[in-house]
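Visitor: I'm new here and I'd like a tour. Could you show me the structure and let me ask how you know things?

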Amino acid sequence: MKAIRIHAHGDVDQLRYETDVPEPEINDHDVLVRVKATSVNRIDFFVRSGYPGMTFDFPHIPGADIAGEVAQVGDAVRDFKTGDRVVAWPLIACGHCEFCSSDRRWLCANWQYFGMHVPGSYAEYVRVPAASLVHLPDDVAFEAAATLPVAGLTAHHALKAVAQLQPEQDVLIWGGSGGMG
């Protein structure tokens, strides 16, 4: 498969386009997604240049935003089928901590992040847990969907899950720049 990988931390010259990267293997609860669109986020810069306190196994595939089509489903997957249009939540919940057990996986204490802890979206295919996928309506372009996971869901998570903002409440938006802005 084709992918962009890094083999060491550094500047943009560390990004390498490669055509012989092994295709990911899926487990029973996973989906293999054929990436149709992705985006570039600030976290990709940190992964490439080196994130303080984090180590990476090289070579590494960055990229957190995944929009594409289901290419294969694991044996236990029931909500998705080959050809479905999907977008992935960039955080992978553990499924076992107190938050995951109480149906609040967005607060998972042991989360992983696409492109940081696991191979990301700068590839033709990505292995995604089915629990991290959402069906993408036909009238939403893959390119538009790829702008939502990191920036859009981060804002949604901050306002709804963390701040628990309710209708008619006021909120101060501090700054208006970057993907979050």
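Visitor: Why is valine 70 called buried?

Guide: Buried means under 20% relative accessible area, exposed over 50%, and partly exposed in between (1.4 Å probe, protein chains only). Valine 70 has a relative accessible area of 0%, so it counts as buried. Before we go on: this is a predicted model, where local features need pLDDT of at least 70 and side-chain atom pairs count only at pLDDT 80 or more, while totals for chains, interfaces and linings use all residues. Residues are numbered from 1 along each chain as its sequence is written, and side-chain values use heavy atoms, with hydrogens and water left out.

Visitor: Where does valine 70 lie, and what does it touch?

Guide: Valine 70 sits in strand E4. Contact means heavy atoms within 4.5 Å. Leaving aside residues up to four places away in sequence, valine 70 touches Val31, Leu32, Phe80, Lys81, Thr82, Gly83, Asp84 and Val86. Take threonine 82: it is 12 residues from valine 70 in sequence, yet C-alpha to C-alpha the two are 4.9 Å apart in space.

Visitor: How do you know what counts as a strand or a helix, and how many are there?

Guide: Both are DSSP runs, numbered from the N terminus: helices (H or I) need at least four residues and strands (E) at least two. By that count the chain has four helices and nine strands. Starting at the N terminus, they run β-β-β-α-β-β-β-α-β-β-β-α-α.

Visitor: What makes the chain as compact as a globular protein of that length?

Guide: The radius of gyration is taken over C-alpha atoms, and the globule rule is 2.2 Å times the number of residues to the power 0.38. For 181 residues the rule gives 16 Å, and the chain comes out at 17 Å, which is close, so the chain is as compact as a globular protein of that length. Its C-alpha trace spans about 55 × 40 × 35 Å along the principal axes.

Visitor: What share of the residues is buried?

Guide: Buried residues make up 39% of the 181 in the chain. As for contacts between residues at least 6 apart in sequence, 70% join residues at least 24 apart.

Visitor: What makes a group of residues a nonpolar core, and which is the largest here?

Guide: A nonpolar core is a set of buried Ala, Val, Leu, Ile, Met, Phe, Trp, Tyr and Cys residues joined through side-chain atoms within 4.5 Å. The largest one here has 16 residues, and those with the most contacts inside it are Val31, Val33, Ile66, Phe80, Phe114, Val128 and Leu133. At least two residues each come from strand E3 (30-37), strand E4 (66-73), strand E5 (85-88) and strand E8 (125-129). E3 supplies the largest share, three residues. There is also a second, separate core of 10 residues, including Ala64, Leu91, Tyr113 and Val150. In soluble globular proteins, nonpolar side chains tend to be buried together.

Visitor: How do you know whether alanine 145 is buried or exposed?

Guide: Its relative accessibility is 0%, so alanine 145 counts as buried. Alanine 145 belongs to helix H3 (residues 142-145) and, beyond residues up to four places away in sequence, touches Ala67, Val87, Leu136 and Val140.

Visitor: And alanine 146, buried or exposed?

Guide: With a relative accessible area of 1%, alanine 146 is buried, and it lies in the loop between H3 and H4. Setting aside residues up to four places away in sequence, alanine 146 touches Ala37, Thr38, Ser39, Asp65 and Ala67.

Visitor: Why is serine 132 called buried?

Guide: Serine 132 has a relative accessible area of 2%, so it is buried. It lies in the loop between E8 and strand E9 (133-135).

Visitor: What makes glutamate 168 exposed?

Guide: Its relative accessible area is 79%, so glutamate 168 is exposed. Glutamine 164, at 51%, counts as exposed too.

Visitor: Which peptide bond is cis?

Guide: The one from phenylalanine 58 to proline 59, with omega near -5°. Proline 59 is found in the loop between helix H1 (42-49) and E4.
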